[in-house]
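Visitor: Hi, I have a structure open and would like a quick tour. Can we take it piece by piece?

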Amino acid sequence: MTVAMSPDTVPRIWRLARLDYDPARQRPVLLYPEGAVLLNDTGQAILELVDGQRTVAQIAAELGARYQTDVTADVTDYLSYLAERELVQ
Amino acid sequence: MTMERPTTLLAELTHRCPLHCPYCSNPLDLLRAEHEIGTDDWKRVFTEARELGVLQLGLSGGEPLIRKDLEELAGHARSLGLYTTLVTSGLGLTRKRAEALRAAGLEHVQVSVQDVDPATAERIAGTSSVKQKQAAIALVKELGFAFSINVVLHRANLDRIGEIIDYAAGCGADRLELANTQYYGWGLKNRATLMPRREQVLAAKEIAQDRILRYKGRMQITFVLPDYFEELPKACYGGWGRYYIVVSPDGKALPCHGAYAIPSLELPSVREHSVQWIWHESSAFQAYRGDDWMKEPCRSCPRKTVDFGGCRCQALALTGDAANTDPVCMLSPRRNVIDEALHEHAGADEYAYRDYAAEPQGA
Ligand code: SF4
Ligand code: SF4
């Protein structure tokens, strides 16, 4: 089942999850009850912009400007993947 | 073999508990208060575990609220960045303690619920607890903790799975864990009374699947079939010595809850060793790590990197050798012991309640 993340969706991180840094693995990590997702730099960059205000399109535009390339598909896929796991709504 | 970093520490702070559930995951030999390790020991264990890579901490028991230093321990865990879950029966969660735990930075509270039917709930808990649980749940909600309900499923409550799920949603739970009874320790002792019937399991599965969709986005529901009713075993704790460390009230470190029952294991103590040494060097954590220890049919089976041959404690309890294939597996030559257990329940309806063997429980 795929969870729709349209350009106008305003994603937010699940209330129970917390973005943190794991000093042992030296990786950003999303922590939540009974689980954790280790993030890469892209994942971290995306999630740092998931603030319950920005839309998917705005997040993609900001990161696109930062990396000088179109990242819409990456952002949408990544957020859909996390939405699938109910870590982003 | 690359050694993983552990992700989860389950701190069994005490075996003391006001309830007497006949499926309790504590060992049959319950430890008394005087054997429990102190506040500083626990803090050091949390710090060392964090350094090793642990992300999740379970403050569990028994009933962890019986420990007066729970707030201090929760605060220390938060300062380390651990995501901490208090695993509680709810009994003893006064407003004062709930507020202190919140202030200490505790994030997640998991309350066990025995049943929605008060009579059965009391029969399972061996004591009256329903009102106190309700009060605890209200506090957890009011103070804004992340909130899970955990229900252990067995023959006497499985038919009410739909009502149980609706009840949890009505309580405003963020998560509901529908856990099957694990048949080791107390659960194995009470297996004939706890084991559900196949029709019950199949009906429950359908109801759960339906409710999982209905509550999607509001409440996460985890439900897995009891392994006795499956043909392939589950990876126990994600594999021996891969992610999990359990520390018992007296400071013994175990790769899983049930490992108490494997007499050949020399359980290392956090009183004598660092968590790092225990993880990397101790014989107990290496005993069934990877696949060198495996016998046939696991050794040459492609699933051995998926389920690691199933549960060692179950293999020992039911086949007499912890290195055997988990008898749940249809490829196990001993699968018959599982099939026989599925039929042994006729007539059994008495529980052996967990309790201390002799004298009254310590302070
Ligand atoms: S399972 Fe029951 S008896 Fe065992 S620790 Fe939990 S509440 Fe106490
Ligand atoms: S034979 Fe062993 S590895 Fe293969 S499925 Fe059964 S338990 Fe798993």
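Visitor: Which residue stands opposite B:Val246 in S9(B)?
Guide: B:Leu254 stands opposite B:Val246. A note before we go on: this is a predicted model, where local features need pLDDT of at least 70, side-chain atom pairs count only at pLDDT 80 or more, and totals for chains, interfaces and linings use all residues. Residues are numbered from 1 along each chain as its sequence is written, chains are lettered from A and ligands numbered from 1 in the order in which they are written, and side-chain values use heavy atoms, with hydrogens and water left out.

Visitor: What does the "S" stand for, and how do strands pair?
Guide: S is for strand: helices (H or I, at least four residues) and strands (E, at least two) are DSSP runs, numbered from the N terminus. Two strands pair if DSSP finds at least two bridges between them. In general, strands of a sheet pair through backbone hydrogen bonds, either parallel or antiparallel.

Visitor: How many bridges join S8 to S9 in chain B?
Guide: 2 bridges join S8(B), residues 244–247, to S9(B), and the two strands run antiparallel. B:Val247 has B:Ala253 as its bridge partner in S9(B). S8(B) and S9(B) form a hairpin with 5 residues between them. In the turn, B:Gly251 has a positive phi of about 90°.

Visitor: And S1 with S8 in chain B, parallel or antiparallel?
Guide: Parallel, over 4 bridges; S1(B) covers residues 8–12. B:Thr8 stands opposite B:Tyr244 of S8(B).

Visitor: What is the strand order of the 9-strand sheet in chain B?
Guide: The order is S7-S6-S5-S4-S3-S2-S1-S8-S9, in an open sheet with mixed pairing. S7(B) (220–223) and S9(B) (253–254) are the edge strands, each pairing on one side only.

Visitor: New topic. How many residues of chain A are in contact with chain B?
Guide: 22 residues of chain A are in contact with 26 of chain B (heavy atoms within 4.5 Å). The area buried between the chains is about 1900 Å², and carbon and sulfur atoms give 49% of it. Buried area is the accessible area (1.4 Å probe) that two parts lose on being put together, summed over both. A:Arg18, A:Arg25 and A:Glu34 supply 30% of the area that chain A buries against chain B, more than any other three residues.

Visitor: How many salt bridges are there between A and B?
Guide: There are 3 (a side-chain nitrogen of Lys or Arg within 4 Å of a carboxyl oxygen of Asp or Glu). One of them joins the side chains of A:Arg15 and B:Asp174, at 2.7 Å from N to O.

Visitor: Where is A:Gln26 found?
Guide: A:Gln26 is in the loop between S1 and S2 of chain A. Its phi is near 50°, a positive value in a residue other than glycine. Most residues other than glycine have a negative phi, and most peptide bonds are trans.

Visitor: Which peptide bonds are cis, then?
Guide: Two to look at are B:Gly61 to B:Gly62, with omega near 10°, and B:Glu296 to B:Pro297, with omega about 5°. B:Gly62 is in the loop between S2(B) (56–60) and H2(B) (70–80). B:Pro297 is in the loop between H11(B) (283–286) and H12(B) (304–307).

Visitor: What else is around ligand 2?
Guide: B:Pro297 is one of the residues around ligand 2 (a heavy atom within 4 Å). Others include B:Cys298, B:Cys301, B:Cys329 and B:Arg303.
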